[in-house]
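Biologist: I'd like to learn how to read rings and holes in a model. Could you walk me through one?

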Amino acid sequence: MAASAEEIQAQLESAAHVIMAPPTMVTAEQRHQSEKVLLSFRKLKSPFSTCKHILESSKVDYVLFQAASTIKEGVAREWVLLDKSEVESMRAFLLRYVMEKPHLQSYVRQQILQAVAVIVKRGTVDQKTEDRHRIYDDVSELIHSGNTALQMVACSILISLLNEYSSTSRSSDVGLSWEFHATCKRTFETSDLKKVFVFAVQVLHQFSNDDIPVSGETSVFNKFLSIAEQVLSWDFTPTNVARRNVGSFDSSQNSLFRPNANWRNTILDHNLIDLFFKLHMKIRHNSEMGHHSMQCLTQLASLNGPIFQTSNTQRDYLAHFIQGFLSLFRSVDIADHEALGISNVVNRVLTVFPISIIVQLPTELLDAFFNVLTKFTCQFGRRAALEEAMHKDDMIHMEAFDQLLEAWTTLILDTQHFPADYFKPHAMEMFNSYVQCHLAAPDGVRNQTCNGESSLDEEEINEAEEDDRVLFNDQLCSIGCLARIIPQHSIQLLSRILHTLDMLKQFCTMTVQYRGTLQVLLMHVFQLHTVKF
């Protein structure tokens with residue numbers, strides 16, 4: 001005779017107490033038997049009524065988690081045996097359950113909502129959940145409730161849907177083909193993804209207009225900001241995706257934002273760009289939230305694809321984005337945690353947008369942008385030298401400096417599109433700053449800490465560091481490209497420094513190392529100069 005729901009619940013709660021008990025309180029055999037009870041429950045046929053009873057009556061969080069997991073696996077396993085009314089009833093019950101119990105443990109709530117997401121996704125193709133769009137009505141109601149706990153539930157629902165549809169690595173293992181996942185993902189992109197983004201933007205607008213201090217209750221805002229980031233980082237499915245690209249769903253920090261044409265009214269609205277710059281201004285001194293907002297700006301800086309109907313549309317979007325960038329960052333002190341984000345934004349602007357679009361921008365706007373970019377390049381270069389001198393493990397500014405140099409290198413390969421000598425003042429300022437950062441005192445600031453003192457003696461530094469030709473190889477190539485724009489100045493400066501070194505009577509190890517760096521840099525300049533002329 002099959003055990004009743006009450007008996008199964010009692011067995012699960014007993015097993016949960018054993019599993020959650022300290023190792024010294026139970027034997028290995030007791031723990032093993034308890035695990036068998038849980039595994040047996042997870043494989044139960046038609047478990048839904050039993051799981052529903054457990055969710056309604058049990059007070060043990062771990063048992064609630066197991067019940068939600070069993071529903072999720074049972075739905076995937078027995079989907080073909082379920083009729084439409086059963087599926088819809090289960091989805092509605094689970095949603096109502098989390099809405100009526102907003103103070104559930106987060107891992108329990110997340111597992112229940114993951115089961116809901118599996119139900120919604122599984123019904124995407126065969127239409128067993130043709131009323132799945134009702135879930136967004138529920139989300140809207142939760143968001144506008146004004147109750148923080150219920151708004152957090154709305155966040156969890158949206159995150160579960162994004163995770164379930166976004167990639168094969170995040171989605172649940174429901175035993176279906178890659179083609180099925182691809183079809184579901186494309187359907188979600190077409191009909192649902194923009195709705196999720198609009199929900200997030202609505203909440204972000206409210207936060208930007210409220211006088212809520214960043215130190216106050218911002219958990220809901222932070223969640224919706226991360227949702228916006230996830231949508232803006234979405235890897236849209238190509239029209240003809242090959243089966244061999246099985247890993248193409250997996251999101252990457254390097255993915256560009258390439259929405260389809262039906263996003264035009266939402267993304268090309270200048271108010272959207274203004275919103276994210278306004279938000280970052282408000283939260284920039286909070287490193288966690290500032291990271292999310294900066295990632296959103298980075299993705300907006302990478303916008304490309306069919307969303308732009310004409311080159312004029314693309315130019316107008318870029319012009320407004322750069323105006324927002326300058327309004328925010330031109331006159332503020334850059335925090336350490338902002339440096340890499342800023343460099344990523346600049347890198348995306350200069351590597352994603354065609355040079356033919358960039359040169360169409362108003363001259364005053366371009367001049368201001370390149371002046372700020374030169375300022376940041378020199379500033380991050382000096383801070384990178386300081387990080388190197390202090391032997392920091394986290395070289396934030398060094399990475400940011402490399403990103404900006406990569407952007408400059410991409411830009412100056414197309415100098416023919418700009419007026420003659422347009423980049424000379426910028427190149428000279430950055431070149432001089434770089435050389436200074438790699439010369440020791442009194443001519444430079446290498447290996448000096450904040451107070452101007454050397455961080456290590458020369459013998460210690462020589463033992464600790466690689467040869468400069470290896471350590472700064474990529475940077476030397478980029479600086480060599482800048483020096484190529486100003487050959488007379490760069491060659492004369494490096495030659496003078498090398499001549500001064502040759503006149504020194506005593507060479508310490510570090511001096512030989514500096515000499516090597518300058519010789520390599522001079523070699524780059526001569527080679528590039530020869531190529532150009």
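Biologist: How do the residues of the lining of the largest cavity divide into nonpolar, polar and charged?

Modeller: Bear in mind that this is a predicted model. The lining splits into nine nonpolar, five polar and two charged residues.

Biologist: What is the volume of the largest cavity?

Modeller: About 110 Å³. Searching the whole structure for cavities of 30 Å³ or more turns up two. In the largest cavity, 16 residues make up the lining, and those closest to the centre are Gly-381, Arg-382, Phe-401, Tyr-434 and Cys-437.

Biologist: Which helix gives the most to that lining?

Modeller: That's α18, with seven residues. At least two lining residues come from each of α18 (363-389), α19 (396-412) and α20 (424-437).

Biologist: Let's move to the rings. What describes a pair of aromatic rings?

Modeller: You look at the distance of the centres and the angle of the planes. Over the whole structure, the search gives 27 aromatic pairs. Take Phe-207 and Phe-221: their centres are 3.7 Å apart with 15° between the planes, and the pair is stacked.

Biologist: Which parts does that pair tie together?

Modeller: Phe-207 belongs to helix α10 (residues 193-209) and Phe-221 to helix α11 (residues 219-232), so the pair ties together parts 14 residues apart in sequence.

Biologist: Is Phe-207 buried or exposed?

Modeller: Buried: the relative accessible area of Phe-207 is 4%. Phe-221 also counts as buried, at 3% relative accessibility.

Biologist: And why is the pair of Phe-369 and Phe-370 called tilted?

Modeller: Planes under 30 degrees apart would count as stacked and over 60 as edge-to-face, with the rest tilted. The planes of Phe-369 and Phe-370 are at 45°, with the ring centres 5.8 Å apart, so this pair is tilted. Phe-369 is buried at 3% relative accessibility, and Phe-370 is buried at 0%.

Biologist: Which residues do ring pairs link into a cluster?

Modeller: You'll meet Phe-369 and Phe-370 again there, linked with Phe-325, Phe-329, Trp-408, Phe-418, Tyr-422 and Phe-423.

Biologist: One more kind of contact: where does the charged end of Lys-282 sit?

Modeller: Over the ring of Phe-207, 4.2 Å from the ring centre.

Technical notes
Residues numbered from 1 in each chain as written. Predicted model: local features only at pLDDT ≥ 70, side-chain atom pairs only at ≥ 80, totals over all residues. Heavy atoms only, no water. Phe/Tyr/Trp six-rings, centres within 6.5 Å; stacked < 30°, edge-to-face > 60°. Helix = DSSP H or I, 4+ residues; strand = E, 2+ residues; numbered from the N terminus. Buried < 20%, exposed > 50% of the residue type's maximum accessible area, 1.4 Å probe, protein only. Lys NZ or Arg CZ within 6 Å of the ring centre and 35° of its normal. 1 Å grid on protein atoms, 1.4 Å probe; cavity = no way out; pocket = protein on both sides within 12 Å on 5 of 7 lines; lining within 4 Å. Points joined across faces, edges and corners; volume = space filled by probe spheres on them. Nonpolar A, V, L, I, M, F, W, Y, C, P; charged D, E, K, R; others polar.
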